[in-house]
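Good morning, and thank you for coming.

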Amino acid sequence: GQMAAFLVRALAYTDDGGGDLFTDDDGSIFEDAIDKLGTAGVTKGCNPPDNTLFCPNANVTRGQMAAFLRRALS
């Protein structure tokens, strides 16, 4: 969740795609940022192939952060 807020602020994303892209972030203070990150295509979710979860309280690995940055900067 914190990583989503960091990237959304840094990259100035504004489109949330209508919100509520993931089921496990409801009530999270980071839900808006998570939806913006998902709409931008930077995150696809944490439970492939369904991709209905974001796992907002999970730690982000270096590999995951690298994937987020690659998608964000491409």
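The buried residues of helix 1 are Met3, Ala4, Ala5, Leu7 and Val8. Buried here means under 20% relative accessible area, exposed means over 50%, and partly exposed lies in between, with a 1.4 Å probe and protein chains only. Helices (H or I, at least four residues) and strands (E, at least two) are DSSP runs, numbered from the N terminus.

Before I continue, a word on the source. This is a predicted model, in which local features need pLDDT of at least 70 and side-chain atom pairs count only at pLDDT 80 or more, while totals for chains, interfaces and linings use all residues. Residues are numbered from 1 along each chain as its sequence is written, and side-chain values use heavy atoms, with hydrogens and water left out.

What covers the buried residues of helix 1? The cover includes helix 2 and helix 3; contact, here and below, means heavy atoms within 4.5 Å. After helix 1 comes alanine 12, which has a positive phi, near 55°.

**The nonpolar core**

In soluble globular proteins, nonpolar side chains tend to be buried together. A nonpolar core is defined as a set of buried Ala, Val, Leu, Ile, Met, Phe, Trp, Tyr and Cys residues joined through side-chain atoms within 4.5 Å. The largest such core in this model has 14 residues, and those with the most contacts inside it are Met3, Ala4, Leu7, Tyr13, Leu37, Val42 and Phe54. Helix 1 (2-11), helix 2 (31-39) and helix 3 (62-73) each supply at least two of the core residues. Helix 1 gives the largest share, five residues.

Let us take alanine 4 as an example. Setting aside residues up to four places away in sequence, alanine 4 touches Ala33, Ile34, Leu37 and Phe54.

Helix 2 is mostly covered, with seven of its nine residues buried. Those seven are Glu31, Ala33, Ile34, Asp35, Lys36, Leu37 and Gly38, and the buried residues of helix 2 pack against helix 1. Glycine 41 follows helix 2 and has a positive phi, near 85°.

Note that the list of buried residues in helix 2 includes a lysine, Lys36. Why does lysine 36 count as buried? Its relative accessibility is 15%, and the term applies because the limit is under 20%. Which residues does lysine 36 touch, not counting those up to four places away in sequence? They are Val8, Tyr13, Thr14, Asp15 and Asp16.

A search of the whole structure finds one salt bridge, that is, a side-chain nitrogen of Lys or Arg within 4 Å of a carboxyl oxygen of Asp or Glu. The side chains of aspartate 32 and lysine 36 form this bridge, at 2.9 Å from N to O. Both residues lie in helix 2, four residues apart, about one turn of the helix. An α-helix has 3.6 residues a turn, so residues three or four places apart point the same way. Aspartate 32, at 39% relative accessibility, counts as partly exposed.

**The aromatic pair and the loops**

The structure holds one aromatic pair. Rings of Phe, Tyr and Trp (its six-membered ring) pair if their centres lie within 6.5 Å; planes under 30 degrees apart count as stacked, over 60 as edge-to-face and the rest as tilted. The rings of phenylalanine 22 and phenylalanine 54 have centres 5.7 Å apart and planes at 50°, so this pair is tilted. Phenylalanine 22 lies in the loop between helix 1 and helix 2, and phenylalanine 54 in the loop between helix 2 and helix 3, so the pair ties together parts 32 residues apart in sequence. Phenylalanine 22 is buried at 3% relative accessibility, and phenylalanine 54 is buried at 7%.

Is threonine 23 buried or exposed? Threonine 23 is exposed, with a relative accessible area of 53%. Leaving aside neighbours within four places in sequence, threonine 23 is in contact with Thr52 and Leu53.

**The disulfide**

Finally, the count comes to one disulfide, meaning a pair of cysteine sulfur atoms within 2.5 Å. Cysteine 46 and cysteine 55 form it, with their sulfur atoms 2.0 Å apart. The link of cysteine 46 and cysteine 55 is right-handed, with 65° about the S-S bond. Cysteine 46 is partly exposed at 32% relative accessible area, and cysteine 55 is partly exposed at 30%.
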